[in-house]
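Hi everyone, thanks for making time today.

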Amino acid sequence: MTYSISTDELKKLAREVRKQILLMSYRAQSAHTGGALSCVELLTVLYFRIMHIDPKKPWAQDRDRLVFSKAHDAKALYAVLSERGFFDKKILEGYELDHGLLAGHSIRHSVPGIEISAGSLGHGLPMAAGMALAGKIDNKKWRVFAILSDGECDEGSVWEAALFAGHHKLDNLIVLVDKNGLQGYGKTKDVLNLEPFAAKWRAFGWQTREVNGHAEDGLSKILEKIPFQSGKPSVVIAHTIKGIGGVEKHVDQVSSQYKPPTKEEYIEALRALESL
Amino acid sequence: MRISFIKTLTQLAKKDKNIILMTGDLGFSAFENFQQVCPRQYINAGVAEQNMTGVAAGLATEGKIPWVYSIIPFATMRNFEQIRNDICYQNLNVKIVGIGAGFSYGPYGHTHHGLEDIGIMRTLPNLVILCPGDPFEVVVATKAASKYNGPVYIRLGKAGEPSVYRKKPDFRIGKGIVVQKGTDVTIIATSTLLYRGLEVVRALKGNGMSARLISMHTLKPLDGSLVQRCARETKAIFTLEEHSIIGGLGSAVAEVIAEYGHPILFKRIGVPDRFTKVIGRLEFMHNANNLGINQIVRIILTAVRKL
């Protein structure tokens with residue numbers, strides 16, 4: 001398979017996106033950097049290889065939709081959307097700042113490409129299922145992607161929606177779980193164990209794939225094959241590392257959820273990214 | 001009210017294929033005809049109201065017009081945050097229909113009583129709240145909600161409510177209806193106690209008092225100018241509702257009166273702020289909560305005597 005964009009270029013893009021994430025985090029002294037860093041490749045692969053979208057026509061009827069349910073990490077989405085040409089990079093400068101367009105938790109239509117308002121965990125998948133159902137009712141070809149965090153899957157509404165999507169055979173719905181293994185105040189396996197995770201989704205009528213969430217080609221290969229099974233929604237469980245490519249001492253640590261970089265840390269993290 | 005609602009919605013749905021009725025696994029001996037006539041516009045989402053509400057929001061982003069239906073606590077409280085974030089925050093064209101206002105499900109116990117819904121729903125920006133008071137108002141409220149492009153909450157009783165009107169009233173969202181003219185006092189009633197308001201007006205007439213009856217079918221946006229007019233034109237205002245004394249019609253009217261600054265005798269008549277210790281059928285529950293005709297008449301006469 002040849003892609004419209006090479007893996008090297010994608011890797012370069014991911015570096016650029018991480019820089020933007022760190023800059024937004026540093027400038028606004030914002031939290032939620034670790035989870036933004038862990039889902040970078042999920043977003044770059046979707047927006048540069050998989051999703052049928054046109055940044056010039058961000059609301060085209062036949063576009064693929066993305067519901068970014070782990071919206072506390074929206075700065076990753078903002079960075080990728082601007083890289084993809086949905087809006088000017090200058091807008092990123094207003095992230096979480098007074099009069100800025102970009103809220104910590106993304107707001108529907110605040111900038112081109114933001115499909116829903118989100119931020120309260122467990123709300124994205126029901127809405128994505130509703131969109132997918134509308135597509136089915138109208139016999140549309142477009143698909144709905146939803147990115148969830150693993151901690152988010154503590155929410156009962158996620159499983160209500162999983163049951164619903166399985167029952168209604170929404171094979172135009174694809175969930176990507178950014179499974180970085182950490183949540184607000186601990187490791188997911190210590191706080192509220194989700195395992196056996198893939199088996200849970202299968203039991204709810206989904207087809208599952210597991211993948212390294214930082215490997216562009218592996219992700220692409222899997223996402224080209226959706227739906228994995230006709231008549232079933234698909235879930236990609238992406239194993240990721242929270243805080244990857246950010247401030248070193250926060251990588252794979254709960255602190256990556258909260259601690260913005262200091263000036264020195266920011267400079268050091270940029271240097272590390274550039275030397276990759 | 002339920003039958004008037006579903007008959008009206010069925011007519012609307014036949015003309016507009018985007019209308020989708022979603023139920024949280026309720027509607028036995030009410031929705032069967034809708035299912036038959038509009039099978040592709042009917043979804044039983046199961047006993048999963050949070051998901052149902054989110055799905056409705058998702059459908060609405062794609063141009064569908066979902067009508068989400070359940071018993072009031074499950075239609076407004078279980079899924080309150082979904083209504084707040086998914087529907088109202090995004091200002092989506094979703095209608096939420098709660099059945100079982102007040103003590104419609106009296107014998108079932110407090111879990112099924114609809115007593116705090118207006119209070120919580122009134123805090124949500126973008127939301128229109130309709131509380132029709134008889135089967136005729138249900139028909140026109142349902143049509144008005146359908147025509148309105150945005151989130152609407154419709155609060156229904158259950159079954160067998162008597163008619164207040166002889167024909168469909170002139171119904172406009174946000175405009176209260178003067179059901180009975182009167183010059184001494186005003187009774188502003190809503191939802192399932194509108195007919196009780198009519199009974200009270202008649203009883204007061206026997207006591208030589210001319211009472212005006214207002215149907216405040218829209219709780220949001222509230223018809224503040226009508227409240228102000230009643231404050232100017234009559235000596236006292238009483239609100240009447242089958243809802244907690246906190247947060248509902250009484251509170252909404254009190255807010256208007258307090259800020260208006262025109263001195264007026266005002267009293268809220270509603271359900272006391274407590275979890276019910278008794279259960280029983282509607283009339284029993286009304287009496288247990290001082291909402292019987294004679295009880296209300298006594299409250300009004302006692303209050304007015306102080307003037």
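Let's begin with the spacing: the C-alpha centres of domain 1 and domain 2 of chain B lie 26 Å apart. Please keep in mind that this is a predicted model. As for where the domains run, domain 1 of chain B covers 2–155, and domain 2 of chain B covers 177–305.

How do the two domains of chain B meet? On one side, 25 residues of domain 1 are in contact with 29 residues of domain 2. In domain 1, the side touching domain 2 draws at least two residues from each of α6 (117–121), β5 (128–130) and α7 (135–147) of chain B.

Now, over to a sheet in chain B. This one is open, with 5 strands in the order β7-β9-β8-β11-β12 and mixed pairing. Which strands sit at its edges? They are β7 (177–180) and β12 (265–271) of chain B, each pairing on one side only. From one strand to the next, the twist averages 25 degrees.

Look at β11 (residues 236–244) of chain B, which pairs with β12(B) in the parallel sense over 6 bridges. There you can find S244(B) opposite V271(B) in β12(B).

Two helices of chain B pack on this sheet. Helix α9 (residues 224–233) touches β8 (185–189), β9 (211–215) and β11 of chain B, and its direction makes about 175 degrees with that of β9(B). Helix α10 (residues 249–260) touches β8, β11 and β12 of chain B, at about 145 degrees to the direction of β11(B).

Technical notes:
Residues are numbered from 1 along each chain as its sequence is written. Chains are lettered from A and ligands numbered from 1 in the order in which they are written. This is a predicted model: local features need pLDDT of at least 70, side-chain atom pairs count only at pLDDT 80 or more; totals for chains, interfaces and linings use all residues. Two strands pair if DSSP finds at least two bridges between them. Helices (H or I, at least four residues) and strands (E, at least two) are DSSP runs, numbered from the N terminus. Axes are lines fitted to C-alpha atoms, for helices over the stretch in contact, and angles run from 0 to 180 degrees between N-to-C directions. Two residues are in contact if their C-beta atoms, placed from the backbone, lie within 7 Å. Domain bounds come from an automatic or database domain assignment.
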